[in-house]
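Grab a pencil and work through these exercises with the model open beside you. Try each task before you read its solution.

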Amino acid sequence: MLNRRQLIIAAARSSVLLSSAFVLTACSDSDSTAVSLPPTEPGSLDEYTRQMQAISYIGVACRENIGFHEDQPIEAIKADLEQRLLADLGESTANDSISDAVDQAIRNDFSAGRLIEIDGWQLSETECRLAALAAVQQGFETAQAPAPPKDRYGKIVEINAWGPQSTIQGQIFNEQPDGHGGIWLQATGIPASVVLQFGGKTQGTQVYADHLTSGLRDEYMHEVIDTPGVYQVELYDKASLMRQVVGEFTVKASGDQPRKIPDEQLASCKIDTWGPDKGRVGEAFNRQPSGASAFWVRTKCAAEGSQLLLDGEALKTTLRKDLLTATAPNGHQLGVGPHELELRIGSGPQLVKVGTLFIEP
Amino acid sequence: MLRKLDNTLPKTLKTDVCIVGAGPAGIVLALTLEKHGISSVLLEGGLLDSSGKTGRDAYKGEVVGLHYPLSASRLRWFGGTSNHWGGWCKALDPIDYTRRPNAPLPSWPINAEDLAPYQEKAAEWVELASNNFENDFIMRDPASQLLFDTGPQFKTRMFRFSPPTMFGKVYRSEVQESELIDGIYNANVVSMTSAGDAVGTVLAVSPEGDQLNVSADRFVLSMGGIENARLLMHLADSEGGVFGSPSEYLGACFMDHFGFSPGYLAASEGLKHFRHQQQEGAPILPAITAREDFQMEKNLPSICLMATPDSPMAELPPAYFTNPGIMGEASASNSRYRLQLMIEPTAHTASRITLGANKDAFGVPRVVLDWRVLEQDYLDTERFLHELAVSVGATGLGRMQRTRRFEGQYRQRLTGGMHHMGTTRMSDSPNFGVVDPDCRVNGCRNLYVAGSSIFPRVGYSNPTQTLVALSERLADHLNSGTA
């Protein structure tokens, strides 16, 4: 704590010290190394500005904006700051600390419209002068941003489901009304600062209470779907600089996926009935208690391990005698238009077309 | 009941009230009239679940002013644009009913208190958890708020969110089962006949050529913020126009809320001025707004501000703001937030729709939209942002960074909220409006307008809840015996 009288004394002493420091700095060949200064009065303005953090950019920018570097004696800047702080302390705050004085002076600046703009930041004159003084004291001659913190991997949210996770070369996945390929992810409590990154590139992302939607668009989408390979999908929280791996999205080479099986096999694998073949955009089709959508397929050729695939994406499938059922957690997020349902027989590569689900507007 | 206009339908129908347009305004009006025992024919141009063959075509037009997605912003089928709305809800603030100093035109001839009981009902129609948009609810989680409430200039109000209610689906069965509502889709109104100073019948046609004449005691247009004016202008231009000389404000004062991202805010960590769900609560969006006294004192438009957490800035990192005294109580831990504004436009006659030379498949001239925003609105937005920057600094709550000024390309690339408002504005004087305080078209004793086209001032709040409230109010008027 520093009272009014102590501040005056400390300020007077620090003025002398600071003017020496300025001379030292100005005469130094080094542009950005901190200068060793004599000890300062505890609680003084000197101590405050010498300990100011993260001013290597803003302090120099403020100094250049204020202009005292070129033509104003450091003592005058110091004296001006002291006056401001003393004035803002007022008679009733005799026991306030220097940080209280700084706080009050800054508030008063804003109230009086004494603002300085640095890179768009609306700063108070006092804080800018403090930062400028600190930059001089700490020996920063050129503006340089502190090293930014690095991204790190961790868990942002508990992901319940996401998709689609693959497509066939040349095929737009989960095509939306405007032509882009939609990606969805279900999780609760997703921070609003989260974006989805696909192959290391940030994609437009909409965050909702229990899910997010994103996707690929235009040239990048075509670049991806035309190039077989595996792309890492991540969530990135811009605010906390945290990354979370969601999974991999695979673009399968068109030759790898037999879209048709030989006629003799097809003849032996008949789809008797299936459904539903229609849905409405924004709504789960054949809605289950869990909120998921569901398909059913009757066929005698399904074997243990058979799976239904919607737009190339494997669905959790259950087989009972000749009835296959499968849930589609993202059914309500499918885009308007056709969506292909296929059956993978057993665990083999063969795919049989079941039919087309049409999502209506 | 609900039925399609085709060749099996009678050629004429008679009812108490003929409602043209089955969006939120029309559906709420029909169902509320039913409670009063008043019958209605509810006409919808599109089909039940799609716009049909020609529905989309009817919405095509020409844009000559600021860019505007004329077709994409509307849906022409049962339930109207509620079939793809985002569910944002908020009643207008009381100040939004008043006239701003120097505003070129008067504001509402009614006030927030007049509409308050109807806003309560509207909140039920749009399935909100509560009609409370003020701060007491938000303050259950004070750490998530920029605590302007300690200062005299800004405060937090909040948006709530409808599921969103798709009126054509949620209320379809009620219309279907109603004995007093005759809902007819595939029915596009193209003309009206007049009898003295009143409408006698409307003629609706289907894309297939089927015709239906509806005669009624009262007629209500509820076709949307653009279509209401388009049809009225078409009717006024038609031979034997139905309501004398149209008001000079018909089609004028087209407004939409517009957005702007001015930069960033450094403030306490953990603020939630974006859409989120409070624990065990409904989704809310606490937005920063000016206090009414301050807004009046500074003559600011109604603007709200949202803030979404964003990446820290290397040049002025969070550590800077932890220097003692630099940023008040927010010093301990802070984040940078990206700011987004929703801005109220000023009503003015140069922003307007007119009729073009081309016609749609039903012979109704296509719309020409000339959306304009006043220079003063951009300047007022800048003043709002300046006041905000000063206030966050003076209250020790944070610092603002401006990365954009509202000029040049940012004015040319405006993004609207797709809220069409103002083209049949309400006024207590025929000299300044198209409809009177009862929503009746001046010069025609039995023709009314419902929907956001009657808004003379729009605030920053999304219009759906208020237009639903106005439909409830109109139903009361039509039941009052004075209509």
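**Exercise 1. Work out the order of the 4 strands in the open sheet of chain A, and say which strands stand at the edges.**

Step 1: Walking across the sheet, you meet β13-β15-β19-β18 of chain A, with antiparallel pairing. Strands here are DSSP runs of E, at least two residues long, and helices are runs of H or I, at least four residues long, numbered from the N terminus. Two strands count as paired if DSSP finds at least two bridges between them.

Step 2: β13 (271–275) and β18 (316–320) of chain A each have a single partner strand, so one side of each is left without a neighbour in the sheet. From one strand to the next, the twist averages 15°.

Step 3: Now zoom in on a pair: β15 (residues 293–299) and β19 (residues 323–328) of chain A run antiparallel and are joined by 6 bridges. For A:Arg298, the bridge partner in β19(A) is A:Leu323.

A note on the model: it is predicted, so local features need pLDDT of at least 70 and side-chain atom pairs count only at pLDDT 80 or more, while totals for chains, interfaces and linings use all residues. Residues are numbered from 1 along each chain as its sequence is written, and chains are lettered from A and ligands numbered from 1 in the order in which they are written.

**Exercise 2. Find which residues touch the most other members of the largest nonpolar core.**

Step 1: Know the rule: a nonpolar core is a set of buried Ala, Val, Leu, Ile, Met, Phe, Trp, Tyr and Cys residues joined through C-beta atoms within 7 Å. Buried means 20 or more other C-beta atoms within 10 Å of a residue's own, with C-beta atoms placed from the backbone.

**Exercise 3. Explain why helix α7 of chain B is largely enclosed.**

Step 1: Of the 11 residues in α7(B) (residues 227–237), 9 are buried, so the rest of the structure largely encloses this helix. B:Arg230 and B:His234 are among the buried ones.

Step 2: The buried residues of α7(B) pack against β8 (188–195), β10 (211–221), β17 (352–359), β18 (365–370) and β20 (447–449) of chain B.

Definitions and conventions: Axes fitted to C-alpha atoms, helices over the stretch in contact; angles between N-to-C directions. Buried ≥ 20, exposed ≤ 12 C-beta atoms within 10 Å, placed from the backbone. Contact = placed C-beta atoms within 7 Å.
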